[in-house]
Amino acid sequence: MPLMITEDCIACGACEPVCPNKGIRKSGVVYVIDRDSCTECVGFFSKQQCVVVCPMDCCGPIPGVVLTEEALFERARAIHANSHLQPTLTEQTSHFRATANRNSQTTASRRKWWQWLFWREEGSEPCSSVPANVAESG
Ligand code: SF4
Ligand code: SF4
């Protein structure tokens with residue numbers, strides 16, 4: 001979802017320089033985001049930078065507008081077509097991938113704890129005995 005700034009903005013200006021697409025500007029007494037320039041920072045950062053720096057927590061998604069990572073990345077590529085700064089898609093440059101990685105790490109760490117009880121690798125034999133180190137610690 002591209003982001004917008006709500007009326008809680010105090011016009012501190014912290015968000016303007018951190019937007020990789022130069023999509024934030026002052027308009028009257030508040031700052032605004034050009035919705036066509038917002039890529040949710042996909043291509044450059046794993047977190048939306050305006051959200052990170054805003055002291056008022058007033059940068060948020062535009063209701064009802066959902067864009068895929070692919071669409072946001074294409075938008076970033078178009079914005080930076082003539083720039084030496086080229087967007088990339090990695091865990092460090094897309095919140096979609098950073099979130100997916102965090103979720104898979106959480107699943108993996110849970111699995112380590114649970115595997116002694118229920119989980120086994122596909123194709124392996126069921127665990128027939130409690131491993132020695134687990135039996136000793138228990
Ligand atoms: S989310 Fe990123 S691209 Fe969108 S306005 Fe904020 S800083 Fe700019
Ligand atoms: S950082 Fe937040 S409060 Fe400051 S100008 Fe941007 S939207 Fe407004």
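Helices (H or I, at least four residues) and strands (E, at least two) are DSSP runs, numbered from the N terminus. The model shown is predicted: local features need pLDDT of at least 70, side-chain atom pairs count only at pLDDT 80 or more, and totals for chains, interfaces and linings use all residues. Residues are numbered from 1 along each chain as its sequence is written, and chains are lettered from A and ligands numbered from 1 in the order in which they are written.

**View 1. Overview of the protein chain.** The protein chain holds 4 helices and 4 strands. Along the sequence they follow the pattern β-β-β-α-β-α-α-α. Of the 138 residues, 20% count as buried; a residue is buried if 20 or more other C-beta atoms, placed from the backbone, lie within 10 Å of its own, exposed if 12 or fewer, and partly exposed in between. Two residues are in contact if their C-beta atoms, placed from the backbone, lie within 7 Å. Among contacts with a separation of 6 or more, 64% join residues 24 or more positions apart.

View 2. Helix H2 spans residues 69-79, and its buried residues are Leu72, Phe73, Arg75, Ala76 and Ile79. Seen down the axis of H2, these buried residues fall within an arc of 155°, so they line one face of the helix; the arc is that of the directions from the helix axis to the C-beta atoms. An α-helix has 3.6 residues a turn, so residues three or four places apart point the same way. On the face turned away from the buried side of H2 are the exposed residues Glu70, Ala71 and Ala78. Ala71, a residue of helix H2, counts as exposed because 12 other C-beta atoms lie within 10 Å. Its C-alpha atom is 9.7 Å from that of Val42, 29 residues away in sequence.

View 3. Strand S2 (residues 24-27) pairs with strand S3 (residues 30-33) in the antiparallel sense over 4 bridges; two strands pair if DSSP finds at least two bridges between them. Ile24 stands opposite Ile33 in S3, and Arg25 stands opposite Val32 in S3. There are 2 residues between the strands of this hairpin, and Gly28 takes a positive phi near 70°.

**View 4. The nonpolar cores.** A nonpolar core is a set of buried Ala, Val, Leu, Ile, Met, Phe, Trp, Tyr and Cys residues joined through C-beta atoms within 7 Å. The largest such core has 11 residues, including Leu3, Ile5, Ile24, Tyr31 and Ile33. S1 and S3 are the elements that give two or more residues to this core. A second, separate core of 6 residues includes Cys41, Leu72, Phe73 and Ala76.

**View 5. Pro2 and its contacts.** Pro2 lies in the segment before strand S1 (3-5). Pro2 counts as buried because it has 20 C-beta neighbours inside 10 Å. Leaving aside neighbours within four places in sequence, Pro2 is in contact with Arg35, Cys38, Glu40, Ile62, Val65 and Leu67. Pro2 and Ile33 are 31 residues apart along the chain, and their C-alpha atoms are separated by 8.9 Å.

View 6. A residue is near a molecule if its C-beta atom, placed from the backbone, lies within 6 Å of it. Ligand 1 has 15 residues around it, of which Cys19, Cys38, Cys41, Gln48 and Cys50 come nearest. The shell of ligand 1 divides into 9 nonpolar, 5 polar and 1 charged. Here Ala, Val, Leu, Ile, Met, Phe, Trp, Tyr, Cys and Pro count as nonpolar, Asp, Glu, Lys and Arg as charged, and the others, Gly among them, as polar. Around ligand 2 there are also 15 residues, and Cys9, Cys12, Ala14, Cys15 and Cys54 come nearest. The shell of ligand 2 has 14 nonpolar residues, 1 polar and no charged. Leaving aside neighbours within four places in sequence, Cys54 is in contact with Ala14, Cys15 and Cys59.

View 7. Most residues other than glycine have a negative phi. Lys22, in the loop between S1 and S2, has a positive phi near 50°. Asp57, in the loop between helix H1 (49-53) and strand S4 (59-61), has a positive phi of about 55°. Lys22 is exposed, with 11 other C-beta atoms within 10 Å, and Asp57 counts as exposed with 9 C-beta neighbours inside 10 Å.
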